[in-house]
Amino acid sequence: MDLYGLGLLLGLAYHSYTDVRFLLLYDSTNCCLALLGLWRGWSTGQLMEAWLGCFLLLGLMLLVYYASRGGMGEGDVKLAAVLGLWLGVEKGLACLLLAFVSGAVIGGSIILLQKKDAKKELPFGPCLALSGFACYMYGNEILAWYGKFMGNW
């Protein structure tokens, strides 16, 4: 893992902690991650891909936010946009897919096992964070597996 990855890991770990504990994803953490992601994009020559990922994930999450009528938090939307800066378009889309699938599995399990109300707020930030870091570290492998899986389907 490079230094950029370490910065991403620390920021996402903090986001996961605050979302589980307080149901909050802080803008200050998103700003730090965004600046570091922009710096990474500029230094690697992938700044345009970073911006495209940011706006695509922002747009998709805004659709989910408005469609859910309060079921999705604004912090989740902002975190997805930041992850788009880090991941670009293809890995960003893989991140969202992984986050939604893992969120459904984890949320469904919590509701079933703890007999919680399905309308109770559950943190989605850790699912985004874990998926984002997995796609940062193993995005090419995830995309190759997914392409192979869909090709065989």
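Modeller: Ala, Val, Leu, Ile, Met, Phe, Trp, Tyr, Cys and Pro count as nonpolar, and Asp, Glu, Lys and Arg as charged. The structure discussed here is a predicted model.

Colleague: By class, what does the lining of the second largest pocket have?

Modeller: The residues lining the second largest pocket include Leu-93, Ala-94, Val-101, Trp-145 and Phe-149, and each of these counts as nonpolar because Leu, Ala, Val, Trp and Phe belong to that class. Glu-90 is also in the lining, and Glu counts as charged. By class, the lining has no polar, 1 charged and 10 nonpolar residues.

Colleague: Which element gives the most to the lining of the second largest pocket?

Modeller: The second largest pocket has a volume of about 190 Å³. At least two of its lining residues come from each of α4 and α5. The most, 6 residues, come from α4.

Colleague: Which residues are the closest to the centre of the largest pocket?

Modeller: The largest pocket holds about 850 Å³ of space. Its lining is made of 34 residues, and the closest to the centre are Gly-71, Asp-76, Leu-122, Pro-123 and Phe-124.

Colleague: Which element gives the most to the lining of the largest pocket?

Modeller: Two or more lining residues come from each of α1 (3-22), α3 (47-68), α4 (74-114) and α5 (125-152). With 11 residues, the element that gives the most is α4.

Colleague: How many charged residues does the lining of the largest pocket have?

Modeller: By class, 19 residues of this lining are nonpolar and 9 are polar. The number of charged residues is 6.

Terms used: Residues numbered from 1 in each chain as written. Predicted model: local features only at pLDDT ≥ 70, side-chain atom pairs only at ≥ 80, totals over all residues. Heavy atoms only, no water. 1 Å grid on protein atoms, 1.4 Å probe; cavity = no way out; pocket = protein on both sides within 12 Å on 5 of 7 lines; lining within 4 Å. Points joined across faces, edges and corners; volume = space filled by probe spheres on them. Helix = DSSP H or I, 4+ residues; strand = E, 2+ residues; numbered from the N terminus.
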